[in-house]
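Thanks for asking me to look this over.

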Amino acid sequence: MPLLHKRIITVITQKMINDRLTTRCRFLHQAMQNTLVLVFILLSSACSKLQDKPALSEIKVEVFFQQAPIRCEQIVSLDEQNWRINQLAFFISELNVSQNGVQQALPLTTNDWQSNDVALLQYTDCAEQASQTEQSGPLISAYHASLQLAEPIDFSEVMQLQFTLGIPFELNHLNPLSQASPLNIPSMFWSWRAGHKFMRLDMLGDEQSWVFHLGSTECYADSAMRAPTMQCGQPNRLTFDLPKQQQGETLILHLDRLLSGVALNNKTACLMQPDQESCVQIMKNMADNQVFEWQ
Amino acid sequence: MLSRSVKYIGFVVAIAAIVACKPAPDPYKWPIPIGFPEPIVPADNPMSEAKVALGRALFFDVNLSFNQSVSCASCHQPEFAFAQNSQFAMGATQQVLRRNSQALVNIAYNSNLTWAHSGINTIEQQILIPMFAEDPVELGITGHEKEVLNRFNNARYRPLFEQAFDESEANFERIVFALASYVRSLVSLNSPFDRYAYLAQDDAMSESALRGMELFFSERLECFHCHGGFNFTQSSQHENQRLDLRPFHNTGLYNEDGVGAFPLHDQGLYEVTHKAQDMGRFRAPTLRNVQYSAPYMHDGSLATLADVIDFYAAGGRAAGINNPLKSPFIQGFTLQAEEKQDLLAFLASLSDDAFLSTENQGKDRKLE
């Protein structure tokens with residue numbers, strides 16, 4: 001079936017495109033294109049003036065497994081079993097740097113992946129990326145791996161990077177319909193009461209699957225669709241304070257360190273249940289196993 | 001200075017637009033309660049009342065099938081939330097389709113169309129399938145294009161095309177655009193649940209439905225992991241939310257060979273991507289109005305909502321329970337009889353009676 005449909009679709013959409021271009025709005029298309037070119041030229045000349053210092057306007061965020069970056073769909077071996085990332089995404093907020101003991105907030109640009117100085121990083125299906133963006137118009141692919149800084153910064157003097165893995169309480173329990181992306185993504189949202197999943201790691205093995213969802217617990221409200229008025233009992237917002245190892249260009253999440261000591265199988269999923277052993281181990285790793293590293 | 005020139009350019013573009021095209025009609029008013037986001041609409045097929053009206057006429061018109069036997073509405077019936085109350089759909093040649101007719105509820109928000117396809121992202125693309133596909137035949141237009149088109153170049157349709165496209169002649173592009181506009185207009189966001197959740201009316205849902213809601217959003221049942229967001233499907237996008245999430249899951253319905261295969265005649269997303277892990281993966285459908293769209297699942301193999309709940313409680317079906325590719329969120333659970341009633345009451349609270357009234361959606365407004 002798919003083949004046949006594909007053929008029909010390509011033939012017909014091609015025909016539609018041709019038809020459309022011969023309508024009376026053709027010259028408008030042309031005009032818009034010219035305008036775009038102009039805007040581009042203007043913008044690029046305006047920006048080059050800002051780039052005097054070796055300032056960075058983004059921090060790459062990479063996922064490593066045993067000291068090497070892992071790509072989408074790559075198989076990793078844990079406990080002699082094969083595992084693959086099915087979905088990995090997490091929120092970073094309250095990004096700061098400090099030099100000589102003075103803290104400075106790093107505001108983030110606003111786009112589909114970042115708003116209110118909260119950023120979503122996501123590592124899913126990079127193989128699909130090309131095909132998705134090419135034909136699907138408004139769709140944005142599921143892979144995003146950098147923090148975009150509102151003001152470029154020169155990291156040479158900076159010693160420490162601080163951030164929160166999670167979303168501040170004031171932004172965590174709002175009506176997702178009225179929030180800007182990425183604070184309105186269903187797969188990263190539990191409910192108004194519990195707020196967002198701060199980190200989501202869904203792993204797929206050959207015969208088993210395993211998931212870890214980090215978020216606030218012990219949140220009290222009248223129902224799942226009502227927001228808590230008071231801070232949750234266990235906010236589970238994790239803060240990190242990392243010394244700079246190299247130029248400061250890259251933040252690394254070490255997946256193997258995050259999962260160290262956790263047996264992955266159908267029974268050990270960590271969805272923030274109290275007393276789940278895997279949760280205890282992961283929270284311990286987050287606290288003292290250098291899960292994040294700033295290079 | 002930069003922003004000035006940008007403004008100026010914007011101005012020029014605006015003028016050019018006014019000169020190039022006729023003045024735009026009033027913007028389309030979505031039947032959306034305040035606070036809900038608008039769907040994303042392809043730039044080349046903006047919504048208009050006139051297109052929706054034409055699309056509505058076409059949707060219910062058997063003249064769109066080559067032998068004048070079926071219309072879109074034969075398989076998508078308003079009283080069943082635009083689904084069909086039979087397990088499989090049947091096309092114009094009586095050929096049986098392998099899948100259950102889908103409900104058409106809030107599909108304007110869907111980022112992926114059909115039960116399982118990562119490459120069909122617009123309704124305009126999707127509609128070509130029932131119109132032109134040859135195997136299986138649905139409307140069966142292929143090979144009968146002229147004949148079918150001629151049925152729409154008449155006194156009844158010419159004014160409708162004129163109003164919708166400023167051209168009175170029917171062609172397939174216009175038919176597809178109008179049909180897409182009509183099915184896009186089928187928006188349902190006015191259920192008791194919406195009044196409770198989004199309009200903060202504490203008494204909009206029954207006590208039982210509220211208990212069911214707690215179950216639905218619990219880690220014990222895990223329903224919301226896949227049926228998340230305001231549309232109860234991860235496959236949603238709107239004006240403020242454009243990130244793509246590839247929302248396909250294997251729910252453990254089958255396991256033909258012990259290592260995860262679904263029946264050969266329908267293997268879900270795998271047929272499209274040929275990736276092993278996509279075997280048996282389907283899109284989580286919206287649960288809005290689901291009370292009315294039985295039978296359930298891509299192959300209509302579960303007859304009632306009670307069956308669906310039993311299926312999830314068992315962690316899948318028969319050998320499918322041990323399907324190695326099954327989603328980690330399908331683990332099974334035990335429900336007390338009362339809890340099951342509560343969950344059913346919650347699912348019923350997602351029904352929007354105004355949406356289901358045929359009067360609202362076309363039959364009565366169907367042109368003679």
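1. Let's begin with the cysteines. How many disulfides does a search of the whole structure find? Over all chains, the search turns up two disulfides. Please keep in mind as you read on that this is a predicted model.

2. One of these bonds is formed by A:C219 and A:C232, with their sulfur atoms 2.1 Å apart. The S-S bond has an angle of 105° about it, and the link is right-handed. Both cysteines lie in the loop between strand 14 (209-214) and strand 15 (238-243) of chain A, and the two are 13 residues apart. Are they buried or exposed? A:C219 is buried, and A:C232 is buried as well.

3. Another disulfide joins A:C270 to A:C279, and here the S to S distance is 2.1 Å. The torsion about the S-S bond of this pair is about 115°, so the disulfide is right-handed. Turning to accessibility, A:C270 has a relative accessible area of 1% and is buried. A:C279 is buried too, with a value of 7%.

4. B:C75 takes part in no disulfide: the nearest cysteine sulfur belongs to B:C72 and is 8.6 Å away. With a relative accessibility of 14%, B:C75 counts as buried.

5. B:C226 is buried, its relative accessible area being 9%.

6. Now for the rings. Searching the whole structure gives 32 aromatic pairs over all chains. Among them is the pair of B:F59 and B:F82, which is edge-to-face, with 6.1 Å from centre to centre and 70° between the planes. B:F59 belongs to helix 2 (residues 49-59) of chain B, while B:F82 is in the loop between helix 3 (72-75) and helix 4 (123-132) of that chain, so the pair ties together parts that are 23 residues apart in sequence. Both partners are hidden from solvent by the accessibility criterion: B:F59 is buried at 2% relative accessible area, and B:F82 is buried at 0%.

7. Which arrangement do B:F216 and B:F217 adopt? They too form an edge-to-face aromatic pair, 5.3 Å centre to centre and with 70° between the planes. B:F216 is buried, with a relative accessible area of 2%. B:F217 has 15% relative accessibility and also counts as buried, because the limit for that label is under 20%.

8. Ring pairs link B:F216 and B:F217 into a cluster with A:W192, B:F36, B:Y109, B:F193, B:Y198, B:F224, B:F230, B:F232 and B:F346. The cluster includes a residue of chain A, A:W192, alongside residues of chain B.

9. Finally, have a look at two arginines placed over tyrosine rings. A:R226 has its charged end over the ring of B:Y196, at 3.9 Å from the ring centre, so here a chain A side chain meets a ring of chain B. In the other case, the charged end of B:R317 sits over the ring of B:Y254, 4.9 Å from its centre.

Technical notes:
Residues numbered from 1 in each chain as written. Chains lettered and ligands numbered in written order. Predicted model: local features only at pLDDT ≥ 70, side-chain atom pairs only at ≥ 80, totals over all residues. Heavy atoms only, no water. Phe/Tyr/Trp six-rings, centres within 6.5 Å; stacked < 30°, edge-to-face > 60°. Helix = DSSP H or I, 4+ residues; strand = E, 2+ residues; numbered from the N terminus. Buried < 20%, exposed > 50% of the residue type's maximum accessible area, 1.4 Å probe, protein only. Lys NZ or Arg CZ within 6 Å of the ring centre and 35° of its normal. Disulfide = S-S within 2.5 Å.
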